[in-house]
Amino acid sequence: YRVMQCIFVDPPSFVSASHSSSAYVNQSRPFHFLCLFYGLPLPVVDWYFRGHKTSILTSPSFNLTAADRNDEGNYLCVGRNLLGSAEGPLITLIVRVP
């Protein structure tokens, strides 16, 4: 008799983010973004800042250790797997200077 194996796959879909459309941080303070996606296989998450990929890391979290004015701008998270990709919300970070 024959044995069949089922493999379930799902394209990425956005689940949630730690911030919606804008976020504020005081200058020199740490800041943490989190962006979650569902998919099978589990999506890797790329981060974009001002339209450019931020690093080679593929993690649902993105951390700034000490925010400064150069960190201000739009951030976007993109989840991807072998079936495609999905975007999270565009998040605008505003750095408050005392």
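Visitor: Is arginine 69 buried or partly exposed?
Guide: Arginine 69 is partly exposed, at 46% relative accessibility. Keep in mind that this is a predicted model.

Visitor: Which residue does arginine 69 form a salt bridge with?
Guide: Glutamate 72, with the closest N and O atoms 3.4 Å apart. Glutamate 72 counts as buried because its relative accessible area is 19% and the cut-off for buried is under 20%.

Visitor: How many salt bridges does a search of the whole structure find?
Guide: Three. Aspartate 46 pairs with lysine 53 at 3.5 Å, N to O, and aspartate 46 also pairs with arginine 80 at 2.5 Å. The aspartate 46 and arginine 80 pair links distant parts of the chain, since the two sit 34 residues apart, in strands E4 and E7.

Visitor: Is aspartate 46 buried or exposed?
Guide: Buried, at 2% relative accessibility.

Visitor: What is the radius of gyration, and what would a compact globule have?
Guide: The protein has 17 Å, whereas a compact globule of 98 residues would have a value near 13 Å. The C-alpha atoms fill a box of roughly 75 × 25 × 20 Å along the principal axes. Buried residues make up 31% of the 98.

Visitor: Which residues have the most contacts inside the largest nonpolar core?
Guide: Phe31, Phe33, Trp47, Tyr75 and Leu93, in a core of 18 residues. Strands E2, E3, E4, E6, E7 and E8 each give two or more residues to this core. In general, nonpolar side chains tend to be buried together in soluble globular proteins.

Visitor: What does phenylalanine 31 touch?
Guide: Leaving out residues up to four places away in sequence, phenylalanine 31 touches several, including Ala23, Tyr24, Val25, Phe62, Leu64 and Leu93. His19 and Asn63 are also among its contacts.

Visitor: And on the outside, which residues form the nonpolar patch?
Guide: Phe8, Val15, Leu34, Leu36, Tyr38 and Leu40, with about 550 Å² of accessible area together. Strand E3, residues 31–40, gives the most, with four residues. Phenylalanine 8 is in the segment before strand E1, and it is exposed, with a relative accessible area of 68%.

Visitor: What kind of peptide bond joins leucine 40 and proline 41?
Guide: A cis one, with omega about 0°. Proline 41 lies in the loop between E3 and E4.

Visitor: Last one. What's the phi of serine 28, and where is the residue?
Guide: Phi is near 75°, a positive value in a residue other than glycine. Serine 28 is in the loop between E2 and E3, and it is exposed, with a relative accessible area of 52%. Arginine 50 also has a positive phi, about 55°, although it is not a glycine. You'll find arginine 50 in the loop between E4 and E5.

Conventions. Residues numbered from 1 in each chain as written. Predicted model: local features only at pLDDT ≥ 70, side-chain atom pairs only at ≥ 80, totals over all residues. Heavy atoms only, no water. Patch = residues over 30% accessible without salt bridge, like charges linked within 9 Å, V, L, I, M, F, W, Y side chains within 5 Å. Areas by Shrake-Rupley, 256 points an atom, 1.4 Å probe, with all protein chains shown as cover. Salt bridge = Lys/Arg side-chain N within 4 Å of Asp/Glu carboxyl O. Buried < 20%, exposed > 50% of the residue type's maximum accessible area, 1.4 Å probe, protein only. Rg over C-alpha atoms; globule rule 2.2 N^0.38 Å. Core = buried A, V, L, I, M, F, W, Y, C linked by side-chain atoms within 4.5 Å. Contact = heavy atoms within 4.5 Å.
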